[in-house]
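Below are some questions and answers on strand pairing and ring contacts. Each answer works towards the value or name asked for.

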Amino acid sequence: MSRNRLWALLCTAALTLAGTATAAADTPPRPERALVGAGTGLAVLRGGPLTDHAVVYMCTLTAIGYDAAGNLIGLTNAHCEYDGDQQWLGDLVLLQSEAFAPGATVPDLHLLGRVEYISGGNPVVPGPNGPGLDYAVIVFDKSTVEPVTTVGETTVRNLGAPPPDGTPVCKQGMTSARTCGVTLATVGPYLLTTVSEYPGDSGAPVVMGDTLIGNQWSWGAGTSITAILADLDSRGGPGAGFHLISS
């Protein structure tokens, strides 16, 4: 090979490496951990591939905290994880914002955790476990998830019982963000309000100020967080002894 030819090849290689380095520098690295809190949009695969958006289901995180065993725990609706008589215990949980990004593939995403418990559903859509409190327990991967107290316009720092009828309350949903209304009644473990909901908002935290009082599973209906906490403790396992990250 001539000296000129060798020099041309070396120059080409050097320019290629420089261009690769520049492209890498221009592309910000994916954060090591995803910011996740009450109101974060979730995507659950329901046993299907990420590419099948007809199967991937969207919901909202109700709360994030730790259980008595030190697990990082998330709560959402049970009905996010069932359809008719089929349910997906052990299902993979992703960020909705990543799962539905164009060209998204599993290796590129934050794999947040897995669903470890599915309760009975709500009285309107009971699901395979019959009527219940409509909550699901997620065990998050601590190496992937960075828990936060504020999502959008909503901050959750406390847990509380349903307030008196007529109390102003709000919810933070994945689809419709923050919407507000008032409480109408408490019927057993269920909370009735005038707060709206749209597809994808299911599981949204219902708050009074910065106090979480329930989840939302339908327009104007949800389950009180105190009923869910009592059930977690009586059942044992992942989620028992749940407390918020701020407490």
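**Rings and strands in a predicted model**

Q: Is Y135 buried or exposed?
A: The model is a predicted one. The relative accessibility of Y135 is 1%. The cut-off for burial is under 20% relative accessible area, so Y135 counts as buried.

Q: What is the angle between the ring planes of the edge-to-face pair formed by Y190 and W217?
A: The ring centres of Y190 and W217 are 5.9 Å apart, and a pair needs centres within 6.5 Å. Planes over 60 degrees apart count as edge-to-face. Y190 and W217 meet that cut-off because their planes stand at 90°.

Q: Which class of aromatic pair do Y117 and Y135 form?
A: The structure holds three aromatic pairs, and Y117 with Y135 is one of them. Their centres are 5.7 Å apart, with 45° between the planes. Stacked planes are under 30 degrees apart and edge-to-face planes over 60, with the rest in the remaining class. The pair of Y117 and Y135 is tilted.

Q: Where in the chain does Y135 lie, given that Y117 is in strand β9?
A: Strand β9 covers residues 111-118 and holds Y117. Y135 is 18 residues apart from Y117. Its place is the loop between β9 and β10 (136-140).

Q: Which residue has its charged end over the ring of Y117?
A: Y117 is partly exposed, at a relative accessible area of 22%. A charged end lies 3.7 Å from the centre of the Y117 ring, and the limit for such a contact is 6 Å. The charge belongs to R235.

Q: What is the distance from the charged end of R46 to the ring centre of Y57?
A: The charged end of R46 sits over the ring of Y57. The distance to the ring centre is 3.8 Å.

Q: Which residue of β16 is the bridge partner of V169?
A: Strands β15 (residues 168-173) and β16 (residues 177-187) run antiparallel and are joined by six bridges. A hairpin of three residues connects β15 to β16. Within β16, the partner of V169 is G181.

Q: Which residue of β18 is the bridge partner of C170?
A: Five of the six residues of β15 are buried. β15 also pairs with strand β18 (residues 205-208), in the antiparallel sense and over two bridges. In β18, C170 has as its bridge partner V207.

Methods. Residues are numbered from 1 along each chain as its sequence is written. This is a predicted model: local features need pLDDT of at least 70, side-chain atom pairs count only at pLDDT 80 or more; totals for chains, interfaces and linings use all residues. Side-chain values use heavy atoms; hydrogens and water are left out. Buried means under 20% relative accessible area, exposed over 50%, partly exposed in between (1.4 Å probe, protein chains only). Helices (H or I, at least four residues) and strands (E, at least two) are DSSP runs, numbered from the N terminus. Two strands pair if DSSP finds at least two bridges between them. Rings of Phe, Tyr and Trp (its six-membered ring) pair if their centres lie within 6.5 Å; planes under 30 degrees apart count as stacked, over 60 as edge-to-face and the rest as tilted. A charge sits over a ring if NZ of Lys or CZ of Arg is within 6 Å of the ring centre and within 35 degrees of the ring normal.
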